[in-house]
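Please open the model in your viewer and keep the sequence panel beside it. The tour below goes from one selection to the next and says what is found at each.

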Amino acid sequence: PVIELSLLDLMSIDYQPGKELPAWVRSLDGRRVRIEGYMALGTPEGVDKFELVWDSCGCGQSNVNHFIEVSLTEDTTSFDPDIIWVEGTLSVGEVREDGFVVSLFRLETKSIGQ
């Protein structure tokens, strides 16, 4: 079964780097989810990764729990300013680069839906 998920719910968690995520968030790891949002402003054409954000202005993306890093397995981006939905497998947990948490939520999907 596909879990309908809201970015607002993920944004509402009290995220602290290095601290354990709430149980309900951890329980989503590896699950199939469907979530709506917007492509982050500045997403280039023809790439296989983009950030899914809650609002079209891209405000507040600096918090790592305010976006989902989406990886496309069979498609590339064509920037769309309208709301989109993605369905795929969600990965939950900190990804660090150079000591900084750069990703908390990742979703792998074949393509983008409108």
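Helices (H or I, at least four residues) and strands (E, at least two) are DSSP runs, numbered from the N terminus. The model is predicted, so local features need pLDDT of at least 70 and side-chain atom pairs count only at pLDDT 80 or more, while totals for chains, interfaces and linings use all residues. Residues are numbered from 1 along each chain as its sequence is written, and side-chain values use heavy atoms, with hydrogens and water left out.

**Stop 1: two threonines in loops**

Select Thr43, in the loop that joins β2 (32-39) to β3 (49-53). Its relative accessibility is 12%, so Thr43 counts as buried; buried means under 20% relative accessible area, exposed over 50%, and partly exposed in between (1.4 Å probe, protein chains only). Show the side chain: one of its polar atoms lies 2.6 Å from the backbone oxygen of Ala40. A polar contact is a pair of N or O atoms within 3.5 Å; within protein, one must be able to donate a hydrogen and the other to accept it, and residues adjacent in sequence count only if both atoms are side-chain atoms. With residues up to four places away in sequence not counted, Thr43 touches Phe50, Thr77 and Phe79, where contact means heavy atoms within 4.5 Å.

Move on to Thr77, in the loop between β4 (67-72) and β5 (84-97). Thr77 is buried, with a relative accessibility of 3%. The Thr77 side chain reaches the backbone oxygen of Pro44 at 2.7 Å. A C-alpha to C-alpha distance of 5.3 Å separates Thr77 from Glu45, though the two are 32 residues apart in sequence. Beyond its neighbours within four places in sequence, the contacts of Thr77 include Met39, Gly46, Val47, Lys49 and Leu72.

**Stop 2: the nonpolar core**

Which residues have the most contacts inside the largest nonpolar core? Select Ile35, Phe50, Leu52, Ile68, Leu90 and Phe105; the core has 29 residues in total. A nonpolar core is a set of buried Ala, Val, Leu, Ile, Met, Phe, Trp, Tyr and Cys residues joined through side-chain atoms within 4.5 Å. Two or more residues of this core come from each of α1 (7-11), β2, β3, β4, β5 and β6 (100-109). Centre the view on Ile68: not counting residues up to four places away in sequence, Ile68 touches Leu7, Leu10, Ile35, Phe50 and Leu90, among others.

**Stop 3: salt bridges**

The structure holds five salt bridges, a salt bridge being a side-chain nitrogen of Lys or Arg within 4 Å of a carboxyl oxygen of Asp or Glu. Select Glu4 and Arg34, whose side chains meet in one at 3.8 Å, N to O. Glu4 belongs to strand β1 (residues 3-5) and Arg34 to strand β2, 30 residues apart. Glu4 is exposed at 60% relative accessibility, whereas Arg34 is partly exposed at 21%.

Next, select Glu87 and Arg32, which form a salt bridge at 3.5 Å, N to O. Glu87 lies in strand β5 and Arg32 in strand β2, so this pair ties together parts 55 residues apart in sequence. Glu87 is partly exposed at 23%, as is Arg32 at 39%.

For another, select Glu94 and Arg96, with their closest N and O atoms 3.2 Å apart. Glu94 is partly exposed, at 31% relative accessible area.

**Stop 4: a positive phi**

Finish at Asp98, in the loop between β5 and β6. Its phi is near 55°, a positive value in a residue other than glycine. Asp98 is exposed, with a relative accessible area of 76%.
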